[in-house]
Amino acid sequence: MVWTKKDLLALEDLTKEEIEHILDTAGSFKEVSTRDIKKVPALRGKTVVNLFYEPSTRTRISFEVAAKRLSADVINVNIETSSVKKGETLIDTGRNIQALKADIVVLRHKHSGAAAMLARHLNIGVVNAGDGWHEHPTQALLDMLTIKEKLGKIKGLKVSIIGDIAHSRVARSNIWGLTKLGAIVTVCAPKMLIPVGIEQMGAKVTNDIEVALKDADAINILRMQFERDDRVNFPVQLEYFKTFGITKERLEKVKKNILVMHPGPINRGIEMSSEVADGEHSVILEQVTNGIAARMAVLYLVAQGK
Amino acid sequence: MGLLIKNGFVIDSANKISEPRDILVSNGKIEKVDKKINNKTKNTINARGKIVIPGIFDMHVHLREPGREDKETVYTGTLAALAGGVTQVLAMPNTDPAIDSPENSEILKQIITKSANCNVSICAAITKKRQGEELVDFGKLKSNGVVAFSDDGNSVDNQEIMDEAFRHAAEHDLLIICHSEDKTLSKKGVVNYGFTSTRMGLRGVSNESEYKRISRDIELAKKHNARIHIAHVSCKESVGIIKKAKEQGVKVTCETAPHYFSLTEEDVLGYDTNKKMNPPLRSEQDKQAIIDGLKEGIIDVIASDHAPHTENEKNIEFDKAEFGVIGLQSILSVCTTELLHKHVLGWTDIVEKLCLAPARILDVDCGTLSVGKNADIAIVSPEQDWTLDKKQILSKSKNSAFLNKKLKGQVWCTIHNGQIVYMDKE
């Protein structure tokens, strides 16, 4: 297929074919990282700017590595020392980056819709590296790449997403992406962390961890953000682990080849035990590796978009 | 000296006129309305094919003066009004300073005298600084010419204070306009609560936050047999509650805004901050309930809730952007596009809701084409297709929810006090 989009903002916006095309492209880029010289000239002469308004280690490094392996020049903007601290608006910052003749902006922002807004105002490509509670499309792409690689397909698989669904952009992107590719998605959390109307996105809902685990081919465990200050009755950590935490005991009762995923960073002993995080089902570090290929594919494709 | 409007189709709901009529205007007043008027006046407007209605009374307008002249002024706001066929507005009091004292209403009056292009009625606050704590001096403000009271933008949370406000209102026969919103329920919401808020990853504003407060406000008004007007009704349950109250004989009236019967939460999905307002755009079902409410006469008035905000306040992250959209220049066109041409309301009902009902509710002498009244008239090209372009907007702020939207029906000419004050160039 011919890629036409200059931006990657949300998996909600993409067709099944477009998502598959990104995954196929990612599949072919994966080999690059296994080479002795880990570089292809695909984006030589292009400039990628990482504009991160929220702290991030994994995603920012992953984008940087991905861009560098495509031979792009990468600039990381440190918000702490930038004009943003002087009150510059997001659009103005974006326009300046565009005026510096960058080709792609990778944006991480705490407000939902920030990437969409920036993309509307810029002619250069915008890749959403997570906006508020809205979407984190490259995370879902790397999750899907991992499932596909490990289990050979996505269609017809049962995938459960467990944890703070309400505030999770990872959950939203995964639901859109996985359901478009034909997976059966269940979300599982305490009632207060299930956002209203989520079933209209195509996900089943349960508050029972046993239900979420039963027959699941893969589980994606989300980070519990106990630092959130805006919730009343947020479950206490220990209580949460008891009711929803993924333990070896719980996994013994389910499918033998179940995949255990987590977008990181992990709260060991809260959403999952250390044993599980480091155990035989865990593909958490492989997800990180796949993140490079998924982001290489995205950068490569949006660079071709108009 | 005079002005003759010939061959137009006149809609004057108050006088039950809905047929071709000529209108003769002289000395700023309507002198004669008749089938054929032959007068040797130099100024004749040929209104063949046009609809001639009373000037619109938009009873929910934020002119922002004094205090926020960067958003709008009385001058620019009323200029936009005229281009929208609006000849009378009710200015809301959430200015800086708020219109919460005779002194402050005097400041606004002077600005109006100096710079208004159309008639401006004043709505004062219910409480000092609109903080919901201390009532204003209703009596003095009324004798100073204030026609209604509202803390618009805020709801008076304290029930005792609202109770007291309605007691005063009943005593002095004042109209209280309620911005009914329970902020403990709407919290920091920015879009409709439900699938939309979930899908967009934004906090939601529930219908409940609106209709629960409407229930409370109506109860309090009922207790004192006071008049109450509910501003910007946006959801299904609210329409039901108001219907019931009307059946029980409560002196309640209400308004909705054009965006609530023309747009839905789906229109916000692109994070366009020009679709961000309070209350938010609701579901398709709510929109239909608003349309039904207009049809059944439960919703008395259509008012724009014209809320200008600068580019700086709108062209930012959705969460951070101000609530509100402008609407003076598009109010009639949205009504013709969505109500007239979709056979929801006929002209007589549209004129009732845009012109006559606000005049009756606020007891202002306008909204009709009766002989002897001020000649405030709008002439409309009912079939005109057009698209609202930023450049056409006369408001200081350009935050319209209808930018680049195809509309059918347009104000062609506006007459205020017998003078042609706006004429479409095409």
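# Chains A and B of a predicted model

User: How many helices and strands does chain B have?

Analyst: Both kinds of element are DSSP runs numbered from the N terminus: helices are H or I over at least four residues, strands are E over at least two. The C-alpha atoms of chain B fill a box of roughly 65 × 45 × 45 Å along the principal axes. The chain has 13 helices and 18 strands.

User: What share of the residues in chain B is buried?

Analyst: A residue is buried if 20 or more other C-beta atoms, placed from the backbone, lie within 10 Å of its own; with 12 or fewer it is exposed, and in between it is partly exposed. Of the 426 residues in chain B, the buried ones make up 60%.

User: Which residues of α7(B) does α4(B) meet?

Analyst: Two residues are in contact if their C-beta atoms, placed from the backbone, lie within 7 Å. The contact of α4(B) with α7(B) takes Gln159(B), Met162(B), Asp163(B), Phe166(B), Arg167(B) and Ala170(B) from α4(B). The partners in α7(B) are Arg216(B), Asp217(B), Leu220(B), Ala221(B) and His224(B).

User: How are α4(B) and α7(B) oriented to each other?

Analyst: Axes are lines fitted to C-alpha atoms, for helices over the stretch in contact, and angles run from 0 to 180 degrees between N-to-C directions. The axes of α4 (residues 159–172) and α7 (residues 207–224) of chain B come within 9 Å and cross at roughly 40°. Angles under 35 degrees count as roughly parallel, over 145 as roughly antiparallel, 65 to 115 as roughly perpendicular and the rest as oblique. The two helices of chain B, α4(B) and α7(B), are therefore oblique.

User: Is Glu210(B) buried or exposed?

Analyst: Glu210(B) sits in helix α7 of chain B. Setting aside residues up to four places away in sequence, Glu210(B) touches Ser180(B), Glu181(B), Ser234(B), Cys235(B), Ser238(B) and Pro279(B). Because 30 other C-beta atoms lie within 10 Å, Glu210(B) is buried.

User: What radius of gyration does chain A have?

Analyst: Chain A has 11 helices and 9 strands, and its C-alpha trace spans about 55 × 40 × 35 Å along the principal axes. With 306 residues, a compact globule would be near 19 Å. Chain A agrees, with 19 Å.

User: What is the hand of the crossing in which α5(A) passes α6(A)?

Analyst: The axes of α5 (residues 137–151) of chain A and α6(A) come within 8 Å and cross at roughly 55°. α5(A) and α6(A) are therefore oblique to each other. A crossing is left-handed if the near helix is turned anticlockwise from the far one by less than a right angle, and right-handed if clockwise. The crossing of α5(A) and α6(A) is right-handed.

User: How far apart are the C-alpha atoms of Ile19(A) and Gly177(A)?

Analyst: Ile19(A) lies in helix α1 (residues 16–29) of chain A and counts as buried, with 21 C-beta neighbours inside 10 Å. Among the residues that Ile19(A) touches are Leu11(A), Lys180(A) and Gly177(A). Ile19(A) and Gly177(A) are 158 residues apart along the chain, yet their C-alpha atoms are separated by 7.3 Å.

User: Which helix supplies the largest share of the side of chain A that touches chain B?

Analyst: The contact takes 20 residues from chain A and 16 residues from chain B. On the chain A side, α3 (90–99), α4 (114–121) and α6 (169–180) each supply at least two residues. The largest share, 3 residues, comes from α4(A).

Notes: Residues are numbered from 1 along each chain as its sequence is written. Chains are lettered from A and ligands numbered from 1 in the order in which they are written. This is a predicted model: local features need pLDDT of at least 70, side-chain atom pairs count only at pLDDT 80 or more; totals for chains, interfaces and linings use all residues. The radius of gyration is taken over C-alpha atoms; the globule rule is 2.2 Å times the number of residues to the power 0.38.
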